[in-house]
Amino acid sequence: MKRKNYFTFVVTLVLCLALLAGCADKPSKPTDTAPIKLGGIGPLTGGAAVYGIAVANGAKIAVDEINALGGIQFELNFQDDEHDAEKSVNAYNVLKDWGMQILVGTVTTDPCIAVAAESYKDRIFTLTPSASSPEVVKGKDNTFQMCFSDPYQGIVSAQYIQEKNLGSKIAIIYNNADAYSTGIYEKFVSEAEARNLEVVSTTTFTNDTASDFSVQLSEAQNAGADLVFLPIYYEPSSLILAQAKAMNYAPKFFGVDGMDGILEMENFDTTLAEGVMLLTPFAADAQDERTASFVKKYKELHNDVPNQFAADGYDVVYAIYEALKDKDVTAETPASELCTQLIEIFTNDKFVFSGLTGDNMVWSKNGEVAKPPKGMFIENGVYVGMD
Amino acid sequence: MDFLSYLISGISLGSIYAIIALGYTMVYGIARMLNFAHGDVIMVGGYMSFMATTRFGWHPLLSVIFAMIICTVLGIVIEQLAYKPLRAAPSLAVLITAIGVSYLLQNAALLLWSANPKSFSSVVPFDSLRLFNGKLIISGTTIVSICVCVIIIMTLNTIVNKTKIGKAMRAVSEDKDAAQLMGVSVNRTISITFAIGSALAAVAGVLLCSAYPILMPTTGAMPGIKAFTAAVFGGIGSIPGAFLGGILLGIIEILGKAYISTQLSDAIVFAVLIIILIVKPTGLLGKKVLVKV
């Protein structure tokens, strides 16, 4: 019996110590103001987890930096939605019960369309880091985007290709099961037509058939395409590059922001991506001080190179911070009042935000961001500016 | 020439499906259960080989053996922990458990290796073969996949038909209770079946990732489902059926993509499956089983 008591005592002691350790971990707050509650939603598990995790990590870094500055304090609560619209709305309701004042999210397009409809009703300001479809912001004055909208990328890609004379016969391989890819593709085709670019081959794949591209590539090759436009994410792109090489087909490849991340893929043979061109708002090896410090922090914390989603998450928190830092807002300010204030600020011409994913961003009334895309190409395994 | 090149791509894809389908078909034939976690064992095999070559710097061939050993152990552990206690349970319970194991493996991989995709370097050291003045290019992986598939089928056929354990397998597949009465250890036979199936999954994983060099926690899911379709197509429970089903499925998929529509390739594959099942419900080489009520 005595022995058992002794054991209980030790366990209690250890638990108490653990409790104390928990206290010590908490950052000492410079001010005693209660933090403003930021809700975040994105896929932290499942097939699209790579995007949600990146956004959550990037946003967390921004929140920690801002809290260390003193002044306005933020508290971030990031919920998983598994890239599922229904779960996303559930996560949104959880955050609302928690007392969310501003929504950072959601990360992926389809869930964002569902959640933005709710946040519009509830008057909660929503700034999505990466849901890029125009459907996300359409008809909702409270929803804004940090990333390019899909049609915009399609148009700019066609412009780039024509103005720089990158190719005369263009093949397109896109994912027709994906709103992002289809959105870019449609605008690209109409813009290409307006600019007299010849599209010689258009082939598709879906998430379930994204492994064998030999057919699509043969078709492009037989049509004599000298440039292949890839409005898709980097995972299938990496397969396309490898398979094109295996069949001795070496056109120019032109990607969009989804291509970003290809160089960071573990064990990826970067010589495959040599000469690949892409439009992206963020390059992890850019030399400016802000990017360098962000990348360094991210690597230390997560042992991974941040992609553009991480940068988008970071920028969203900073944009909210920039908008609110001189305003008289506290944890007590109701979400609807914050929403009205933030809409006013974001749609004001004087509000210009520079972040990791672009300089001098301004937002239109409908919530789309305007920022210059950066044309890059890959040389010796690093991004080099095209201009 | 295009047709020939598509055909070869199809056979190559099909031979990978066939190796995976063997795992499904053997387990179904002997334990009468659908092991939906099989696709995820493939993924584990891929990751093991990837870890062995990139982190430990091992020779690719050694990494394949390593992946096979780990997957064999994993297969036996899954069988012992998840399926064995349910031997007497209704088949629906086992099916749901298998789906659960599948999720468990996927999410464990997500935790261990993160969701970021990894680029797999092919374990096949040969260069592409160029025929007809370079008009027809056959990659080294394609040749190896096809050869490995044929070797595996022949070996398995020998094991099942010529060895003692093969005899036990056939006995268990025919009548579990009678086999037990005759002194065949049913549990041991099922464990061995799982071990063989999982080792094959590791080989399939390495070949799959060599042909399509991308590795994610969900890598095995879709090939797993396609291979299951192949097994049903060829007649589930039959080893030559799995081979035939796999190869045909691969060819239909690629040719459908090439000559009908890239958008409809999956729809075509499954439409063919439906037609086959309407005409011949047991699959191409399936045996008709009479159930007495």
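A: The buried residues of helix 5 of chain A are covered by elements of chain A that include helix 6 (179-194), strand 8 (227-230), strand 9 (252-255) and strand 10 (277-280). Helices (H or I, at least four residues) and strands (E, at least two) are DSSP runs, numbered from the N terminus. The model is predicted: local features need pLDDT of at least 70, side-chain atom pairs count only at pLDDT 80 or more, and totals for chains, interfaces and linings use all residues. Residues are numbered from 1 along each chain as its sequence is written, while chains are lettered from A and ligands numbered from 1 in the order in which they are written.

Q: Which residues of helix 5 of chain A are buried?

A: Among them are A:Tyr152, A:Val156 and A:Ile161. Buried means that 20 or more other C-beta atoms, placed from the backbone, lie within 10 Å of the residue's own.

Q: What comes just after helix 5 of chain A?

A: A:Asn165 is found there, with a positive phi of about 55 degrees.

Q: Changing topic, how many residues of chain B are in contact with chain A?

A: 31 residues of chain B contact 31 residues of chain A, a contact being two C-beta atoms, placed from the backbone, within 7 Å.

Q: Which helix gives the largest share of chain B's side?

A: Helix 1 of chain B does, with five residues.

Q: And which domains does chain A have?

A: The domain assignment, automatic or from a database, gives domain 1 (36-148 + 288-372) and domain 2 (151-280). Their centres, taken over C-alpha atoms, are 29 Å apart.

Key: A residue is buried if 20 or more other C-beta atoms lie within 10 Å of its own, exposed if 12 or fewer, and partly exposed in between; C-beta atoms are placed from the backbone.
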